[in-house]
Amino acid sequence: MLCGGASAARPATEETQRIAEQVKAQIEEKEGKTFDVFTAVEFKTQLVAGTNYFIKVHVGNEEFVHLRVFKSLPHENEQLSLHSYQGSKTKHDELAYF
């Protein structure tokens, strides 16, 4: 993958689920609700000065959210940060750069 280019969508992994769980509270605060279901289903990555993770998360019923989470380079020793998110998504909405 070239720096700046996004990978193809892949099924979520244990690591992707852990990343999603680490920003769950931030999403709940922004949305003003709690999610009983918060399951990462697929993701893309983009190499920048670190890694952007674009993650499709099932939040119950037929509802999904798309997360953009930034993971800094290891030597920077920073926390994961929720860059942005998109709500009201469906299972079939493409996970795209935002």
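This report describes the fold, core, salt bridges and aromatic pairs of a predicted model.

## Basis of the model

Residues are numbered from 1 along each chain as its sequence is written, and side-chain values use heavy atoms, leaving out hydrogens and water. Because the model is predicted, local features need pLDDT of at least 70 and side-chain atom pairs count only at pLDDT 80 or more, while totals for chains, interfaces and linings use all residues.

## Overall fold

The protein chain contains one helix and five strands, arranged along the sequence as β-α-β-β-β-β. Helices (H or I, at least four residues) and strands (E, at least two) are DSSP runs, numbered from the N terminus.

The radius of gyration of the protein chain is 13 Å, which agrees with the value near 13 Å for a compact globule with 98 residues. That radius is taken over C-alpha atoms, and the globule rule is 2.2 Å times the number of residues to the power 0.38. Along the principal axes, the C-alpha atoms fill a box of roughly 35 × 25 × 25 Å.

Of the 98 residues, 37% count as buried; buried means under 20% relative accessible area, exposed over 50%, and partly exposed in between (1.4 Å probe, protein chains only). The chain exposes about 5900 Å², with carbon and sulfur atoms supplying 48% of it; accessible areas come from the Shrake-Rupley method with a 1.4 Å probe, and for residues only the protein chains shown count as cover. Among contacts (heavy atoms within 4.5 Å) between residues at least 6 apart in sequence, 48% join residues at least 24 apart.

## Nonpolar core

The largest nonpolar core has 17 residues, and those with the most contacts inside it are Phe38, Ile55, Val57, Leu67 and Val69. At least two residues of this core come from each of α1 (14-31), β2 (39-48), β3 (50-60) and β4 (63-72). Such a core is a set of buried Ala, Val, Leu, Ile, Met, Phe, Trp, Tyr and Cys residues joined through side-chain atoms within 4.5 Å.

Neighbours within four places in sequence aside, the contacts of Ile55 include Ile19, Ala20, Phe43, Leu67 and Leu95.

## Salt bridges

There are five salt bridges in the structure, each a side-chain nitrogen of Lys or Arg within 4 Å of a carboxyl oxygen of Asp or Glu. One of them joins Glu28 and Lys24 at 3.7 Å, N to O. Both residues lie in helix α1, four residues apart, about one turn of the helix. Glu28 is buried at 16% relative accessibility, whereas Lys24 is partly exposed at 22%.

Lys33 pairs with Glu63, their closest N and O atoms being 3.7 Å apart. This pair links distant parts of the chain, with Lys33 in the loop between α1 and β2 and Glu63 in strand β4, 30 residues apart. Lys44 and Glu94 form another salt bridge, at 4.0 Å between the closest N and O atoms. Lys44 is in strand β2 and Glu94 in the segment after β5 (81-89), so this pair ties together parts that are 50 residues apart in sequence. Lys44 counts as buried at 15%, while Glu94 is exposed at 59%.

## Aromatic pairs

The structure holds four aromatic pairs. Rings of Phe, Tyr and Trp (its six-membered ring) pair if their centres lie within 6.5 Å; planes under 30 degrees apart count as stacked, over 60 as edge-to-face and the rest as tilted. Phe54 and Tyr97 form a tilted pair, 5.6 Å centre to centre with 55° between the planes. Phe54 lies in strand β3 and Tyr97 in the segment after β5, so the pair ties together parts that are 43 residues apart in sequence.

Phe54 is buried at 2% relative accessibility, whereas Tyr97 is exposed at 54%. Ring pairs link Phe54, Tyr97 and Phe98 into a cluster.
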